[in-house]
Amino acid sequence: MTDTPTAVMAPTLSMRGMCKRFGHIQALDHADFEVRAGEVMALVGENGAGKSTLVKILAGLYRPDAGEVLLDGEPFDLGGVLKAEHARIAVVQQELSLVPTLTIAENVFLGSSRGRTWRSPHRLAAEAASYLERVGLGGLDPLRSIERLSVAERQLIEVARLVARDARILIFDEPTAALSEAETDGVKRVVRKLRDEGGSIIYVTHRLDEVFDLADRVTVFRDGRSQPPTAVSDLDVDELIHRMLGSRLEAMYPAHGTTRGEVVLSLEDLRGPGLAAPVGLEVRRGEIVGLAGQVGSGASALLQVVSGTVTSFGGRVRVDGKAVPPFNISAAIRMGIGYASSDRKKDGLFLGRKVSENLTAPSLHLVSRTGWVMRSRERSMGERIAALFKIDPGRLRSIAGTLSGGNQQKVAVGKWLGPEPAVLLVDEPTRGVDVGARAEIYGNLRDLAEQGMAVVFASSDVQEILGLADTIVTFFRGEMVSIRRRQDTNTATIMREITHPTHGEVGP
Ligand SMILES: Nc1ncnc2c1ncn2[C@@H]1O[C@H](COP(=O)(O)OP(=O)(O)OP(=O)(O)O)[C@@H](O)[C@H]1O
Ligand SMILES: [Mg+2]
């Protein structure tokens, strides 16, 4: 390659007229895309816009119906994962793809030629350690199995795995959706370094602040169609949202609640894994409580204990005054607790089953009789929830795993409406969800509270906490720091309390 400016500016990868159809859905409709060496190209768009489909074509997982791919200006046939690896294209998929039975080190080299030639486990571990270091997981023993790791840690191992590929086209599909601020910084550092080393980075995200922080240019997808790439310096957030949605977004957050009924959920000296100190909390009907904290703060851990997903070490959970037996998910559901977990893949959804089956899964006792599912009841419940959560009713019979990430999230939260719980616990309600769907989910949760439900959600997004919660509980390193009404706190206070509260601040 010569050093003329045009050669420098020529894209490493360019895709023209890409089409991909799934049944009646045109996921990509003559989309164009390109990325240059030494740049971060952000790829944004609403849920279902076709971003992951493009990524999977690049990874060799899907074959496009039409379109032309040029690599360094030469036509290139992207057929199969080996072709992609040969072209030095590497991807962090939106869905985690690690193998739970393998060690961390084996996962880091999973599918790469280095993993295929035999090396002693210790040699492999030593090599893996340097990649773990680069993504800020230097403290992890590479010989451990990945089974007990958090979603965030597993996500970072995916990034380490990509770094280990020695690729030149590096694709990140929502790498930070499950991460806290601090962990996100780790990913951003890696991305910048890879870019500075001359890599061509494709970065898919719903966090628009990341676009401005990280990307050089941005491509917007809407309904499978692309808009021409734009330098980030020529855009502001409003303009970007406008391009994504095609119209200005009305207020993101619904009005706050005014009515608070009697106490429905009470936690007394509750202890459990991930909680460094006992927690006491009361939640009233009609109230939305936001548990603010970074990954590992105890906010999600508390929801797991209350839902019976993990065992408590002591204390009590009461719904309407009645004690809920610990570590018993079905008892918790029967007594009126619904829990939407943050790990859709592990315990959120049956990805291989139909959307309608997923929507009624927590309500089997309501839609079945003597062990038989009554399809008409299943259908009407599914339709009711779909209408509430604006899930396309035409997709009720689709397999859940084929929905876009954001629509999966709506199903994962919406399915809890079937049993009409008194208390709805939601962990990271908008993880991986675009701005449009976000606003819908916030509106839905507020509607549920208005109807008398008590909603408790955990989030690491301070704007989301302030925008949605009536009562805000902050967590830091397994301990509750404060309980405040929303009007008695602000962004700076919450940020301080969830990152480094001063000593003595712990306790309401
Ligand atoms: N394997 C599949 N089978 C059927 N439909 C699919 C499949 N993969 C994707 N789709 C559909 O194609 C459309 C585009 O999906 P895609 O996953 O590319 O969206 P996305 O932009 O990545 O969305 P998100 O931001 O929610 O991840 C969606 O309507 C999705 O349901
Ligand atoms: Mg996607």
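1. Helices (H or I, at least four residues) and strands (E, at least two) are DSSP runs, numbered from the N terminus. With that in hand, look at S459, which sits in strand 21 (residues 454-459).

2. A quick word on ground rules. This is a predicted model, where local features need pLDDT of at least 70 and side-chain atom pairs count only at pLDDT 80 or more, while totals for chains, interfaces and linings use all residues. Residues are numbered from 1 along each chain as its sequence is written, and side-chain values use heavy atoms, leaving out hydrogens and water.

3. Is S459 buried or exposed? S459 is buried, at 2% relative accessible area (buried means under 20%, exposed over 50%, partly exposed in between, with a 1.4 Å probe and protein chains only). Skipping residues up to four places away in sequence, S459 touches L291, A292, G293, E428, E464 and I465 (contact means heavy atoms within 4.5 Å).

4. Now the largest nonpolar core: it has 50 residues, and V108, I157, F172 and V211 have the most contacts inside it. Such a core is a set of buried Ala, Val, Leu, Ile, Met, Phe, Trp, Tyr and Cys residues joined through side-chain atoms within 4.5 Å. Helix 7 (residues 151-163) gives this core its largest share, seven residues.

5. Follow V211 for a moment. Apart from neighbours within four places in sequence, V211 is in contact with A42, V44, T205, V218, V232 and L240. There's also a second, separate core of 39 residues, which includes I288, I385, V455 and I494.

How values were computed
Chains are lettered from A and ligands numbered from 1 in the order in which they are written.
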